[in-house]
Amino acid sequence: MAKRRRIKHSSTFEERLKEEAIKFKEAAERQPPGSTARELLLRRARQAETASRINNWLRSPGLQPPKALENLVSDQKK
């Protein structure tokens, strides 16, 4: 069985996500407005920000679901 390569990161997952979002936003600013490349870069930035929020939620004590999910669950119980 092949050994997995381990990577020691110097920054936390949260910091790496934040840096990635900033990098994508800066790259998007250099693209012309309305271009497909710009939209893709902005989408990637939003995905990194969303991943950061999900990570914070998963690490939170009590692990409360987001408000949108609470509404969905309460609607299904009716």
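Let's start with two helices: H1, covering residues 13-29, packs against H2, covering residues 36-59, at an angle of about 160°, and their axes lie 8 Å apart. Keep in mind as you look that this is a predicted model. Why give those two values? Two packed helices are described by the angle between their axes and the distance between the axes. Angles over 145 degrees count as roughly antiparallel, so H1 and H2 are roughly antiparallel to each other. The crossing in which H1 passes H2 is left-handed.

Now look at the residues that make this contact. From H1 they include Phe13, Leu17, Ala21, Phe24 and Lys25, while H2 contributes, among others, Leu41, Leu42, Ala45, Ala48 and Glu49.

Two of the charged residues deserve a second look. Side chains of opposite charge can pair when their charged atoms come close. How many salt bridges does the structure hold? There is 1, and it is formed by the side chains of glutamate 49 and lysine 25, with 2.6 Å from N to O. Because glutamate 49 sits in helix H2 and lysine 25 in helix H1, the pair ties together parts that are 24 residues apart in sequence.

Definitions and conventions:
Residues numbered from 1 in each chain as written. Predicted model: local features only at pLDDT ≥ 70, side-chain atom pairs only at ≥ 80, totals over all residues. Heavy atoms only, no water. Axes fitted to C-alpha atoms, helices over the stretch in contact; angles between N-to-C directions. Helix = DSSP H or I, 4+ residues; strand = E, 2+ residues; numbered from the N terminus. Parallel < 35°, antiparallel > 145°, perpendicular 65-115°, else oblique. Left-handed = near helix turned anticlockwise from the far one by under 90°. Contact = heavy atoms within 4.5 Å. Salt bridge = Lys/Arg side-chain N within 4 Å of Asp/Glu carboxyl O.
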